[in-house]
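Okay, thanks for coming, everyone. I'd like to walk you through a model, so let me put it up on the screen.

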Amino acid sequence: MRNLNRRTFILGGIAAGGLAATGTGLAMPRGARAATTPLPYPFTLGVASGDPSPDGFVLWTRLAPGPLAIDGLGGMPDRDVEVTWEVATDEAMTDVVASGTVVAVQTSSHSVHVEPAGLAPARDYYYRFTAEGSQSPVGRTRTAPAAGTLPSQLVFDVASCAHFEQGWYHAYRYMAADRPDLVLFLGDYIYEKTSSISSDVRGYVITSEVQTLAQYRQRYAQHRTDPALQAAHAAAPWIVVFDDHELKNNWAGADTTDPSPARRAAAFQAYYENMPLRASAVPAGSAMPLYRQLDWGTLARFHMLDTRQFRSPQAASGDCATIRSTSRTLTGALQEQWLLDAFTDHTARWDFLGQQVMFAQSDTDGSASTCDVNTDAWDGYTAQRQRITQGWVDRGVRNPVVLTGDVHRHWAANLKLDYWNTSAAPVGTELVATSISSVNQQADPSAAFLAANPHLRYVGNKRGYVRATLTPAQLTAEFVTVSSAFQSDPAKVTSSVARRFAVLDGQPGLKDA
Amino acid sequence: MRLRGRSGPIGLAAAATTALCAVSAAAVVLSTGPAAADSSECTPSGCAGLAKFVSYGEHLWVYDKLADGHSAVALYWLQGGNGPFRIWDSNGAGTSVDGNLDLPEGTWIFYQVCLGESGTGTIVAGTCSAGVTDYA
């Protein structure tokens, strides 16, 4: 067994004071020795992993013997708790290749983030945690291929929008069954909203809109009590970004007063505490460094974008002058340049933009003069969309694919430099994953709408996710749907592939498959 | 206070436990946790409603303690992501109802007690207790 402890980075939580190496002598956990009350089973929120690199990943858990406690602290006593973690090459955890101990602290709601390093590339690993006599479920994760290598295949699922009250998480259950190499979650992991609609299948404990750190923590915990969600996390490493509902509906970062900095800080801290994110994403007050790139050898590069923290406020629908303004931005200037610089490198065969809101034009009446569009999406920031699209074209990006969530519908789109030129060839492809459980109460797109937007090749209004199988030669996208998110009994729910498309290497755009 | 006789199993509880089977990876408790202790919650401002969980046999009792025109109701959530389920005491002040649950040993229950109208299923705003976690 290799002992990797000296190369292992740990972070018990935000208040733990940055990185520390195991094996160098941890201070005695606060209150641990004096404690006499045994801890009830604390792994009620499951385990998770994320952001794989060729030699490691981040492992996550959060101790919460009483996960729904209204103070957001998971029923934990106000004391530090030592948590042991192990990484093995087998699911039975007999061949442990890395291990260590971290201290979970209340200021981080007893969340644990561990970043093992020095592991072998391109292989499965298994992990678990132990705390005060209780052992967590075993999770499966995977390292990325070595830099410079071209793997023969990558299977990943794309998901978003998982309102806890509005449906059962059957889609997560099928994602777990896929045992993909990766899961991309593109936002709206929780919903901050007030309990609402009559078709809800279950209910939040806090029925008002959550706004404080305690409330956000409690809401994450309630989402994470779901066994299907826990199974999906335990099945594969996730790469996550937030959208709006992790903080507030349709918020725009450039509006610095609403939501308030204090509310942003609370939401970001709770997000970090509950996600398998590396220490590089630890928020600094009301700012969170979230956008980043991850490579899967030379097969794929994932550009995970943040379209919330730096965006200009939404324009009014129909306000063409504002919508077309070249000074408005969805990503901020720094992130845009960061993305364009990466397009210049384009070291991977396939470049995926993992992001939140619909990229392709989606114009209601098909008239360029009315600007009747969803201004929360890229349609509300057309000049920047044009710069980015032109950017990947000018830089010779071989296979640009945009991956999207947000809209609670499956969409497949051909991306264009000029959407009004219906005969123009596609310059990219967009795959929009429907919601895991969040309902879509809007009317289905009309035939006239689809005729006005012929680059939109497919729309589906069922719950599910996108399953992608990538090889050097082809991306195959399967739009998976579940038969019902209102039926509680898993035995009465099925999944199916509603539509399948292929994108061929060097040929942007969708092909029936 | 006189407790009413046991009622039948709460139907929704059976549905809730079904979801537990969806967990693919088994969790392991290496040592016995704390002995489950009984707990109780009052509605704010005078304890017009009270709920009490008895771990042995998993009973969630609901008491209507004041003639205030409202029923007492316990809202509870279970391990497995389900809830809230409700147990109403709509029999008037001085009565109680025994919610005889069937929960897997060692699993958690989180409950609140509120005031409401059982006929419409309405909860009176601002009457719910903060809630407490207990264990089967």
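Of the 136 residues of chain B, 43% count as buried. By buried I mean that 20 or more other C-beta atoms lie within 10 Å of the residue's own; exposed is 12 or fewer, partly exposed is in between, and the C-beta atoms are placed from the backbone. Now the ground rules: this is a predicted model, where local features need pLDDT of at least 70, side-chain atom pairs count only at pLDDT 80 or more, and totals for chains, interfaces and linings use all residues. Residues are numbered from 1 along each chain as its sequence is written, and chains are lettered from A and ligands numbered from 1 in the order in which they are written.

Back to chain B. You'll see 1 helix and 11 strands there; helices (H or I, at least four residues) and strands (E, at least two) are DSSP runs, numbered from the N terminus. Along the sequence, the pattern goes β-α-β-β-β-β-β-β-β-β-β-β. What about contacts? Two residues are in contact if their C-beta atoms, placed from the backbone, lie within 7 Å. Of the chain B contacts with a separation of 6 or more, 64% are between residues 24 or more positions apart.

Two spots in chain B to click on. Gly83(B) and Pro84(B) are joined by a cis peptide bond, with omega about 0 degrees, and Pro84(B) sits in strand S7 (residues 82–89) of chain B. Then there's Ser45(B), which isn't a glycine but has a positive phi, near 60 degrees. For background, most residues other than glycine have a negative phi, and most peptide bonds are trans. Ser45(B) is in the loop between strand S3 (39–42) and strand S4 (49–54) of chain B. Is Ser45(B) buried or exposed? Exposed, because Ser45(B) has 9 other C-beta atoms within 10 Å.

On to chain A. Here we have 8 helices and 24 strands, and 56% of the 513 residues are buried. A compact globule with 513 residues would have a radius of gyration near 24 Å, and chain A has 22 Å, which agrees. That radius is taken over C-alpha atoms, and the globule rule is 2.2 Å times the number of residues to the power 0.38. Along the principal axes, the C-alpha atoms of chain A fill a box of roughly 70 × 50 × 50 Å.

Chain A splits into domain 1 (5–142) and domain 2 (154–512), with bounds from an automatic or database domain assignment. Their C-alpha centres are 29 Å apart. The contact between them takes 35 residues from domain 1 and 30 residues from domain 2. On the domain 1 side, several strands supply at least two residues each, including S1 (9–11) and S4 (56–62), and S3(A) gives the most, with 6 residues.

Now some strand pairing. Two strands pair if DSSP finds at least two bridges between them. In chain A, strand S5 (residues 81–88) runs antiparallel to strand S6 (residues 96–104), joined by 8 bridges, and Val83(A) stands opposite Val102(A) in S6(A). S5(A) also pairs with strand S8 (residues 124–131) of chain A, again antiparallel, over 5 bridges. There, Trp85(A) stands opposite Phe129(A) in S8(A).

There's also an open sheet of 7 strands in chain A, with mixed pairing and the order S14-S15-S16-S17-S19-S18-S20. Its edge strands are S14 (292–296) and S20 (456–460), each pairing on one side only. Inside that order, strands S18 (residues 410–415) and S19 (residues 428–432) of chain A are antiparallel over 5 bridges, and Asn414(A) has Thr429(A) as its bridge partner in S19(A).

Last stop, the loop between strand S12 (182–185) and helix H2 (213–224) of chain A, where you'll find Thr207(A). Thr207(A) is partly exposed, because it has 16 C-beta neighbours inside 10 Å. Leaving out residues up to four places away in sequence, Thr207(A) touches Thr194(A) and Ser195(A). The loop between S12 and H2 of chain A also holds Asp188(A), a residue other than glycine with a positive phi, near 65 degrees. Asp188(A) counts as buried, because it has 25 C-beta neighbours inside 10 Å.

One more cis peptide bond: Asp258(A) to Pro259(A), omega about 0 degrees. Pro259(A) is in the loop between strand S13 (238–240) and helix H4 (261–274) of chain A.
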